[in-house]
Amino acid sequence: MSDDIHDESLEASGRKSSRKGRKGSTAVAAANDIADGTEFNTAGSAGAFGDDADADYKQKGVPPRLNLKWNIPLSFYDLCIVTLGVVIPFGMLLTGCAFAAKRLTLVLLNHPLETGLQIAFALMIPVANLRMWRSLKRDDHRFSLVRGLLAGSAVGAALTLCVVSTAALIVGCDTLQSRIGTTFETGFSALSSFTFVSMLIAVFQINRFRLARDFRSSRAQVLMFSTFGIILSIAALCATEVRSFYVRIAEKSAVANDKSERERGLRVLRTLNVEPQLRMECTDDRAVGLAGLFFPIKLTTQRQLYFAVTGKPFRDVNTGDLSAMSDDYLRRHVVGEPVKGLTLARSLVSGALSPATLTSTVNWTYVFKNESAGPQEARAEIALPAGTAVTGMTLWVNGEATDARIAVSVSEKGQGDQSWVQADHYCPAMLTPVGHGRFLLHCYPVEQDQELKVRITMVVPLKAESASQAALPIPRFVAANFTLDGEHMLRLKSPMNLKAHSSKLRHSLSTSGQHIIAGPLSKEELKGTETGISAQLPAKMEQVAVLDMISTKLKEQEEKEKIRRKQEQDLAAQAEAEAELAEEDGKPQQVVVMIDGSRGVRQQLEDVARILKPAAKKKLKIAQALKKGQVAKRYVVETIKPISVKPPKNLIVVLDGSSALAKQADQITAALRSIPKGVITSVMVASEEQKKVLEPLALESGIKLITDMKFVGGQDNLQAVVKASELAGESANGAVLWIHGPQPAFNREIYIMSQYSNIPAFYEYSIDSGETDTLEFFKNHSEIGPFTQIPKGVSLGKDIESFVSRWKNDRVNYAVALAETTDKPTCRMATPKEAAELMALHANAYCDQLISERKASRAATIAATYGLVTAVSSAIVQHRELGSNLTLGSQPEPSYDEDSPKLQGATNGTIGPQGDDATYVTGINTAGTVRVNNLANLEALLNIFSNLVEMGGMLVGFALMMHGFFQRRIAVQLPGLNLCLNSNQRIAFGIGIMILAFSVPGLVNWFVASARDANMFS
């Protein structure tokens, strides 16, 4: 102990004497350096490391200067240390940041603190090696705790990177390799090798510090500090990945086949609240980080896991590769996230009800306001009630109303080409059907600090709830890229009494005796919950008829077209026969006419003339038929018959076990208890968290199970509904009632169903905002459906109670039928308003029937004639300066080359450079403006250039900044410039160069995006 203290005191006195010695003359220090052989010459030593300020410069009061002309000799030993320990590790770090920028960004967004700490430890490797080499070159053998921790951290970080790279090289990941396009052999083998060499360099320099100490305790101190730094760095790096690996292991357990393991994994994930992390991983599997390399999960499985944990279906709206998406995906999901500053400032749902015909005309008017920095595009997916006929759209530009025209996607043979409509990026409004009662609304541009007004007109059928009242379902938003923070109103009128379920909607009477319901609508009512509006029905529902002149005119045109085609066929057949006779005979034939002298000669000559001229006779008959055009007038007759509702004998209730229904358990049990006793009811709970999975329970047992169960995560109901359909189809008059929340859109499972003995009825009550598309969800099981939607009102419990109450014996409902006839009806003729509504609903239903029969061209003709937006037609509004809309039957002459690029995967449209930057689309268009440009090669070249500039600038800036940190007393004079930089200026310039280099790729991408938006190079 005393020897150690004595050694330490001697070492301390030695350090004091060495410091005093260093205060001596520069010549003595230079001589010692030369004699030792470990330093440069005097000029080189002062220029390279600046041990002390030059005496001459101190005397003259001038800061020391350094010419950047390289005259510093470096030994092979120095080159090895600097290259392998400093330059290569730092270069590898910059290269990784440049070539894996997206991966690094995703991991930083997913794990910002952990990834930042890992990057800091990786930077310690070149920094620690540089500091140790510089200290050793200056004979500065001090090894404090800070220097020991830094050196040990470098060794620990390099060792950890080497081990991880080697393990990744051995394990690998096929999915990740396919994403990268190459194997891990090159990258991870180089990373493992160089980090191992860097670790050896750090260990070697630490050992030189240890050997430079004179006493055993001092050498032990160097090892202790370094070991502590190694342990600290390895522990810190492992700690940064503990949570990621723990979550990833839980994810692997949650997708395992073993039920108990899967439940354990889901329980862990729900406890940790990892929804943001799972969403990032579902968007791009490269966001997982290091854990994803050792525990890979497929992207589809990851999205299923996201739904199972959160209960929300994953919607991928972040990808920008539009050309790779299907047309159906574009139209359904590329609505986008809300644009900051774009708001639906005002909206109004107004309309007039016709209770006598169970119809209504509803206008939904929007006023968009843009407070962003530039023009924006308003996009929304709208869900309309079943059976709704969209009859028009109007846009107000500068106070002037412009009505939309109907453009169809196919044309009927003989009717001319009806499909082409000119619509470019600045087409201000389009309404396009996307199927299953959903429509995509597009409005562009909404100018900066301006407002845009647009209105959609539709005919909505009323749903008879009983013999005394009918419900009016209200349209709603499924998705929108604008906020709903505005004033939203509803105003409806009817000649009969109106009733609203919401207390905010007030009833009043107008001066003309009309009943009015008016009041505000909330954002939730616009997005999800349907607003319950009930209208009183007349005491007796009568048959109503309307003269359909449009159908009559259309039938006349069809008959004339048939006659014209028949004429052309007859004339063609006659010409062909005459040609054959002329070819056979080759000579004129003589016709011998024998005249009976007992009859009149004149009459016989007229008969011969008629026989010799059959074509003239046919032409006369055709002309007479065309002139007459005798087509009976056509009527649309609405028949409303009262029917007694038959209760199902076997009702299977399928209840979703997702967390979305957690707050509705009490209402569900109350609604199930209200089912009439004569209905045999079974309950199935679609939840993997329950012990009795897919097992139908009696009503009381099912209610008890619902009361005790926990609604967690998201549960896939497909298999449960399939099983319930089989059970309901085993008996006559069976039914399935499905109560559910959001369902996944990715389920592609196909279950084998036994054949129905009797086709059951299907009813559905959904508490989501229209995200679940039953036709899409059951597309592999066409035996299931169609589902009848239960009208939504105040709450889930009361809505279901009201629905099942119709199964009582005394309940009467109405069945509505629309039919076309040529017999003049004897019933009441409809009013003009009722006539327009009935014709629109009948034509819309007829179009749906034709489409189901694969007669799309005929359906397009009907839609264009009646002015309806259907599955084969769209509504388009255009600027007047672009020219008037093309009339049906005309087609613009394309001014593009036949070899122009086409958008792959698009339907019913050609998208490419056409005309003056115009795109000719047909009816059903893609979900937005998709433009093909020629920026791909230029963008790739600019990216390569910007990445090289970024790497070079980062290297130069880092070198200049490090030089400023370590060479404090030397001023650098730049060659060719009258500029002298002291240490602070060098640091500032280095940081500035690094920031500028780092911003080059973003700046280039901004210019490319601007060029693309401006349609340059197109």
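## The largest nonpolar core

In this predicted model, the largest nonpolar core brings together 54 residues. Those with the most contacts inside this core are Y366, F368, F477 and F482. Which strand gives the core its largest share? That is β11, spanning residues 451–461, with five residues. In soluble globular proteins, nonpolar side chains tend to be buried together.

Let's look at one of these residues up close. Setting aside neighbours within four places in sequence, Y366 is in contact with L344, R346, I382, L441, L452, K453, V454, I456 and F477.

## A second core

There is also a separate core, made of 29 residues. Its members include L672, L699, Y763 and Y765.

Now find strand β5, which covers residues 389–397. Is this strand mostly covered or mostly open? Mostly covered: seven of its nine residues are buried.

β5 pairs with β11 in the antiparallel sense over seven bridges, and here G392 stands opposite T457 of β11. Strand β6, residues 400–403, also pairs with β5 in the antiparallel sense, over four bridges. In that pairing, L395 stands opposite T402 of β6. β5 and β6 form a hairpin with two residues between them. In the turn, N398 has a positive phi of about 55°.

## The whole protein

Stepping back, the protein contains 29 helices and 33 strands. Of its 1018 residues, 44% are buried. Among contacts between residues at least 6 apart in sequence, 78% join residues at least 24 apart. The protein exposes about 52,400 Å², and carbon and sulfur atoms supply 57% of that area.

Note on methods
Residues are numbered from 1 along each chain as its sequence is written. This is a predicted model: local features need pLDDT of at least 70, side-chain atom pairs count only at pLDDT 80 or more; totals for chains, interfaces and linings use all residues. Side-chain values use heavy atoms; hydrogens and water are left out. Buried means under 20% relative accessible area, exposed over 50%, partly exposed in between (1.4 Å probe, protein chains only). Contact means heavy atoms within 4.5 Å. Accessible areas come from the Shrake-Rupley method with a 1.4 Å probe; for residues, only the protein chains shown count as cover. A nonpolar core is a set of buried Ala, Val, Leu, Ile, Met, Phe, Trp, Tyr and Cys residues joined through side-chain atoms within 4.5 Å. Two strands pair if DSSP finds at least two bridges between them.
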